[in-house]
Amino acid sequence: VIDNLHAERTGVNETIQVQLKKGVLELCVLALLSSADGYAYDIASRLAKGVDMGEGTIYPLMRRMQADGLVETYLQESPAGPPRKYYRLTAAGRASFTAQKAEWSAFVSAVNAILGEAQ
Amino acid sequence: MTRQEFMSRLRAGLAGLPATAIVDIADDYEAHFNEGQAAGRSEAEVAAALGDPARLARELRAEAGLKAWQETRSPSTAAAAVFAVLGLGAIDLIILLPILMALSGALFGVFMGAAAGFAGGAVLLVGGPFFVSAGHILAVMLAGLGLMAGSAAVGAVVTLLTIAMVNALVWYGRLHFRLLKPAIEA
């Protein structure tokens, strides 16, 4: 029974973590692209280091964001090898970044306030 | 896993998408391997970091299905979107399938009823005057017209409901995309 409970709890924790990361992944990509245009490999390796995600998931995400009109692509020569596909934010992408960033900050400070009270 | 194994599993998982989409997606992952190699990583390392190609293919297919549904509202794109979302495993099939079947069955029934009402109304409107006495012709034609209008309204509502249902399902599925499970857990 204890083993089951334990397994259930790890399951729940894992779900919460996945949900949390999923929610901020798009925000992170928007943030990275807001400071400079980037190509997928670079975005993926920076995100993989920071938030521990599978690198391959960047491609479904970028396709979704492109379909939603948040980013657009262009080709640029790379110093080595074939030209790279770069992503840049559209006006809608910048607007979405501003809105999501504000939402995130409000959420984080609310959670922090509650955590602070608990100590 | 070698680069070749990864790519062939990915392509196998993408089968059924338009050829141009498959080429686009495959190019993205080929470029990823090239970048990894240039950065001094081995094929196996890059493949492991990318994650399970079959799962990535499911996510990409779902994305393509949802996009098609958003661009054109048709029964076939609706079905494609629903199946793509179900394929993600994001929705508990055992719980949802009976509800889904019942709902779509009910919607289909009401829709067929509306179609029959519309046809019946048309028959009354056109054929009625030949079968009733002169005094009732106007009444029977108006009744036919009313029946047609009512049925058309019901049909329109059912169509809107169906679109709303598919949208809700798609929204729910997207919310539960398992985008972030790292490669190792897959």
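Predicted model: local features only at pLDDT ≥ 70, side-chain atom pairs only at ≥ 80, totals over all residues.
**Entry 1: chain B**

I began with the secondary structure of chain B. I found 7 helices and 0 strands. From the N terminus on, the order reads α-α-α-α-α-α-α. Chain B has 186 residues, and 35% of them count as buried.

**Entry 2: the largest pocket**

Next I looked up the pockets. The largest pocket has a volume of about 1,100 Å³. I counted 49 lining residues, and those closest to the centre are Arg63(A), Lys85(A), Asp24(B), Ile25(B) and Asp28(B). Chain A gives two or more lining residues from each of α2 (40–51), α3 (58–67), β2 (71–76) and β3 (84–89). On the chain B side, α2 (19–38), α4 (53–71) and α5 (75–87) do likewise.

Which element gives the most to this lining? I noted α2(B), with 12 residues. I then sorted the lining of the largest pocket by type: 25 residues are nonpolar, 11 polar and 13 charged.

**Entry 3: the second largest pocket**

The second largest pocket comes out at about 610 Å³. Of its 23 lining residues, I list the closest to the centre: Ala78(B), Ser104(B), Thr162(B), Met165(B) and Val166(B). In chain B, α5, α6 (93–131) and α7 (137–175) each supply at least two residues of this lining. By type, I have 18 nonpolar residues, 4 polar and 1 charged for the second largest pocket.

**Entry 4: salt bridges between the chains**

I turned to charged pairs. Side chains of opposite charge can pair when their charged atoms come close. The count over all chains is 9 salt bridges.

Lys85(A) forms a salt bridge with Asp28(B), and the closest N and O atoms are 3.0 Å apart. Lys85(A) sits in strand β3 of chain A and Asp28(B) in helix α2 of chain B, so this pair joins two chains. Asp28(B) counts as buried, because its relative accessibility is 8%.

Then I looked up Arg84(A). Its salt-bridge partner is Glu35(B), with 2.6 Å between the closest N and O atoms. This pair also crosses between chains, from strand β3 of chain A to helix α2 of chain B. Arg84(A) is at 17% relative accessibility, so I mark Arg84(A) as buried. Glu35(B) is at 15%, so Glu35(B) is buried too.

**Entry 5: salt bridges within a chain**

Arg64(A) lies in helix α3 and Glu26(A) in helix α1 (residues 2–35), so the pair ties together parts 38 residues apart in sequence. I logged Arg64(A) and Glu26(A) as buried.

Salt bridges link Arg3(B), Arg11(B) and Glu30(B).

**Entry 6: a surface patch**

Last, I looked at the surface of chain A. Trp104(A), Phe107(A), Val111(A) and Leu115(A) form a nonpolar patch. Together they have about 370 Å² of accessible area. Where is Trp104(A) found? I placed Trp104(A) in helix α4 (residues 91–118) of chain A. Trp104(A) counts as partly exposed, because its relative accessibility is 36%.

Note on methods: Residues numbered from 1 in each chain as written. Chains lettered and ligands numbered in written order. Heavy atoms only, no water. 1 Å grid on protein atoms, 1.4 Å probe; cavity = no way out; pocket = protein on both sides within 12 Å on 5 of 7 lines; lining within 4 Å. Points joined across faces, edges and corners; volume = space filled by probe spheres on them. Helix = DSSP H or I, 4+ residues; strand = E, 2+ residues; numbered from the N terminus. Nonpolar A, V, L, I, M, F, W, Y, C, P; charged D, E, K, R; others polar. Patch = residues over 30% accessible without salt bridge, like charges linked within 9 Å, V, L, I, M, F, W, Y side chains within 5 Å. Areas by Shrake-Rupley, 256 points an atom, 1.4 Å probe, with all protein chains shown as cover. Salt bridge = Lys/Arg side-chain N within 4 Å of Asp/Glu carboxyl O. Buried < 20%, exposed > 50% of the residue type's maximum accessible area, 1.4 Å probe, protein only.
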